[in-house]
Amino acid sequence: MNQFPDGFLWGAATAAHQVEGGNVNADLWAGEWAPGSRFAEPSGDACDHYHRYPEDIGLLAGLGLNAYRFGVEWARIEPEEGYFSRAALDHYRRMVGTCLENGVTPVVTYNHFTTPRWFAAAGGWNGTAAVDRFARYAARVTEHIGDLVPWACTFNEPNVISMMVHLGIVPAAAREDGLGLPDGTGGTAGTAGTGADGQAGGQSGSGGSWPAPNIEVMAAAHRKAVEAIKSGPGNPAVGWTLALIDLQSADGGEVRWAATRQAAELDWLDVSRDDDFVGVQTYTRERIGPGGVLPVPAGAATTQTGWEIYPQALGHTVRLAAEHAGVPVLVTENGIATADDEARIAYTAAALDGLAGCIADGVDVRGYLHWSLLDNFEWTSGYAMTFGLIAVDRSTFARTVKPSARWLGEIARAGRLR
Ligand code: BGC
C-alpha cells in the first residue's frame, strides 16, 4: 500500500515565466505592466532561474529527487515570428544537459501559458494560424533538444480557462456558460482558479470577458505538435497536462456537476487517449450545487490562495484520468501555497497516500512532480503565495531548502511512504 514502483519519477516542477525572470517578449510581461493591470506585482527578475538553473538542479538532485519538470519559453525561442534564437535554444539544451549530468530526468513543457507578444497580437489561440505556428515552434525545439528529452508536455493546462468559466470563477465571453443549463446563481467567487487566472487575464488583455481557448483548436495544436515532436530526434513520451480539480456533486447539483465535469475535464481527457501519457495537476476540490460552485465548507482549513486543503483530491483525479484517458498517468503538479512548511508536509503525505492507493489498485502512475521546486511568481497573486520546496530571497535570490524538500527527498530515496 505504501510502495512506489522502481523507476518512479520523483521530482518537482516549475514554469519558465514563473521562475526565469526578464521574460520581456511574453504576452504576460506586457499584461503585468499595462495600466490597470490585474497583477499584484510584475514578474520582474522572478527567481533568476534563467541564470541560476545549475544551482537549482543541483539542489534538487542533492535532495534525492530524480526528475525535474520545467518549461522552455516560446517568447525567448521565437521572439519574432519565424525568427528562432539559437542562443535561447542552446540555453535550454544546456539545462537539459545539466539535468542529465545530475542524474535527473528532464520533463519538458513546450507551452506553460505564456506566448510571444507577436503571437498574442495575431489573435493568440483564436488566430487562424495558431495550430501551424505552435507546431513549427515545437518542431524547432525538438530538433534542438529532442535527442536528450525523454518526457515532453505540449501544453500546460489547456483546459484551465474552460474550467474557470464553467465553474463560474471568471465570466464567460458569451453570456451562457456553455453547459446548456438554465441560469443558476452563477456560483460564488470560487477559489481553485485563482492562480491561473493571471494567464487568462493576460491573454484576454481586459478585465472583462474570458474567451476560453476552444477545445478543437487546442486539440488540433496538440496533435500537430505531437507529430512534430515524434518526427524529431529522440523518442520522448508525449502528452499534455490538465487542470483536474476534484469536482464533487453536492445535493441537487448532480446535473450541473456532470455537465461541468464533461466540459472542463472529460472532453479534454478524451484527447489524451491517443497520447503516451496524461499529466495530472491537482490542488483541491470544488463542490457543485444546483446553482454553481459552493463556498469552502465552514471551518475547513484553506491555503494562501483560499483553496480548501483537500489532499484526497490527488488520488481521486488520478483515478478519473486513468479511467477516462486509458493511458499512463504522470502527476505533473500537486502542491500547496502555505507559509507553514509542516502543513506542506502533511498535505503532501496525504496526497501521496492517495497516490499509493491508486498504484496498489493497479493504476499505471509513472511519477510525482511536486509544485513547486521554488517559491515563485504565482501569476496575478505575485510572490506572496509560497508553493515552493525551496524559498527564494527576493532581494538576493539566495535559496533556502525547506524541511519539506528534505522530507520529500527521503521518500524519493526510499521509494516508499513509511
Ligand atoms: C499552474 C501553475 C500554477 C499552479 C498554482 C497550475 O494551475 O500550472 O502555473 O502556479 O497551478 O496555481
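Predicted model: local features only at pLDDT ≥ 70, side-chain atom pairs only at ≥ 80, totals over all residues.
Which residues touch the most other members of the largest nonpolar core? I looked: the core holds 86 residues, and Trp10, Val318 and Leu355 touch the most other members. By nonpolar core I mean a set of buried Ala, Val, Leu, Ile, Met, Phe, Trp, Tyr and Cys residues joined through side-chain atoms within 4.5 Å. Buried is under 20% relative accessible area, exposed over 50%, partly exposed in between (1.4 Å probe, protein chains only).

Numbering runs from 1 along each chain as its sequence is written, and side-chain values use heavy atoms, with hydrogens and water left out.

I checked Trp10, skipping neighbours within four places in sequence: its contacts (heavy atoms within 4.5 Å) include Phe4, Leu65, Ala67, Leu352, Tyr368 and Gly415. Apart from this core I found another one, of 21 residues, with Ala46, Leu167, Ala243 and Ile288 among them.

Next I went to strand 2, residues 67–71. Strands are DSSP runs of E, at least two residues, numbered from the N terminus. Five of its five residues are buried, so strand 2 is largely enclosed by the rest of the structure. One side has Ala67, Arg69 and Gly71, the other Tyr68 and Phe70.

Then the pairing, which needs at least two DSSP bridges between two strands. Strand 1 (residues 9–13) runs parallel to strand 2, with three bridges; I see Ala13 opposite Arg69. Strand 3 (residues 105–111) is also parallel to strand 2, through five bridges, and Thr105 partners Ala67.

How values were computed: Helix = DSSP H or I, 4+ residues; strand = E, 2+ residues; numbered from the N terminus.
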